[in-house]
Amino acid sequence: MVSKVQQHISFRHTKYPHYDNYRAINVNKTQDIPCDYDGVMGVPITFLDKYNPEQFEILDANDYRKSDFVPVKPHGLIKDKDGSINGKPTYARILIRNKNPKTL
């Protein structure tokens, strides 16, 4: 049985920056996934250790590119310089969506 990711943090625009080239917010740690956000989130690849398909949907980053100038990635991850935030590259990320965000 897969356990659920414990979510206790509520979404605040100032805490979760958006990617320059993808329509998603960045979440640096799995424990910081907001419980009430229904949009697309980029999370570390270590999220896969805690992934629960009843709780989250894994998305293809290619579907959330902001423009056609962002290259299509065959692996569907956000990585390399295309995964930057305010011009600064991030580590590789998986895009997810919470299937049942809480209403606060």
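Trainee: Tyrosine 51, is that buried or exposed, or something in between?

Mentor: In between. This is a predicted model, and in it tyrosine 51 has 24% relative accessibility, so it counts as partly exposed.

Trainee: Which ring does tyrosine 51 pair with?

Mentor: Phenylalanine 47. The pair is tilted, with 5.9 Å centre to centre and 55° between the planes.

Trainee: Why tilted?

Mentor: Because planes under 30 degrees apart count as stacked and over 60 as edge-to-face, and the rest are tilted.

Trainee: Where does phenylalanine 56 stand on accessibility, buried or exposed?

Mentor: Buried, with a relative accessible area of 0%. Phe47, Tyr51 and Phe56 form one aromatic cluster.

Trainee: How many aromatic pairs are there in the whole structure?

Mentor: Two.

Trainee: Switching to the sheet. What's the strand order?

Mentor: β1-β2-β4-β3. The sheet is open, has four strands, and its pairing is mixed.

Trainee: Which strands are at the edges?

Mentor: β1, residues 25-26, and β3, residues 56-59. Each pairs on one side only.

Trainee: How many bridges join β1 to β2?

Mentor: Two, and the strands run parallel. β2 covers residues 40-44. For one partner pair, take isoleucine 25, which sits across from methionine 41 in β2.

Trainee: What about β2 and β4, parallel or antiparallel?

Mentor: Antiparallel, with five bridges between them. Proline 44 is opposite arginine 93 in β4.

Trainee: How many residues of β2 are buried?

Mentor: Five of the five, so β2 is largely enclosed by the rest of the structure.

Trainee: OK, charges now. How many salt bridges are there?

Mentor: Five. One of them is between the side chains of arginine 97 and glutamate 57, at 3.9 Å from N to O. Arginine 97 is in strand β4 and glutamate 57 in strand β3, so to speak distant parts of the chain, 40 residues apart.

Trainee: What does lysine 73 bridge to?

Mentor: Aspartate 80, with the closest N and O atoms 3.4 Å apart. Lysine 73 is buried at 8% relative accessibility. Aspartate 80 is partly exposed at 45%.

Trainee: And which residue bridges to aspartate 82?

Mentor: Lysine 81, where the closest N and O atoms are 3.8 Å apart. Aspartate 82 is buried, at 9% relative accessible area. Lysine 81 counts as exposed, at 60%.

Trainee: Which residues end up in one network?

Mentor: Lys73, Asp80, Lys81 and Asp82, joined by salt bridges that share partners.

Trainee: Now arginine 65. Where is it?

Mentor: In the loop between β3 and β4, the latter being residues 93-98. Arginine 65 is buried, with a relative accessible area of 18%.

Trainee: Why does 18% count as buried?

Mentor: Because the cut-off for buried is under 20%. Arginine 65 comes in below that, at 18%.

Trainee: What does its side chain reach?

Mentor: A polar atom of the arginine 65 side chain lies 2.5 Å from the backbone oxygen of valine 70. Beyond four places in sequence, arginine 65 is in contact with Asn21, Tyr22, Arg23, Val70, Pro71 and Val72.

Trainee: Last one, proline 89. Buried or exposed?

Mentor: Exposed, with a relative accessible area of 52%. Proline 89 also lies in the loop between β3 and β4.

Trainee: What does proline 89 touch?

Mentor: Asp80, Gly83 and Ser84, leaving out residues up to four places away in sequence. The C-alpha atoms of proline 89 and lysine 79 are separated by 8.1 Å, and the two residues are 10 apart along the chain.

Conventions. Residues numbered from 1 in each chain as written. Predicted model: local features only at pLDDT ≥ 70, side-chain atom pairs only at ≥ 80, totals over all residues. Heavy atoms only, no water. Pairing = 2+ DSSP bridges. Buried < 20%, exposed > 50% of the residue type's maximum accessible area, 1.4 Å probe, protein only. Polar contact = N/O pair within 3.5 Å; in protein donor to acceptor, adjacent residues only side chain to side chain. Contact = heavy atoms within 4.5 Å. Salt bridge = Lys/Arg side-chain N within 4 Å of Asp/Glu carboxyl O. Phe/Tyr/Trp six-rings, centres within 6.5 Å; stacked < 30°, edge-to-face > 60°.
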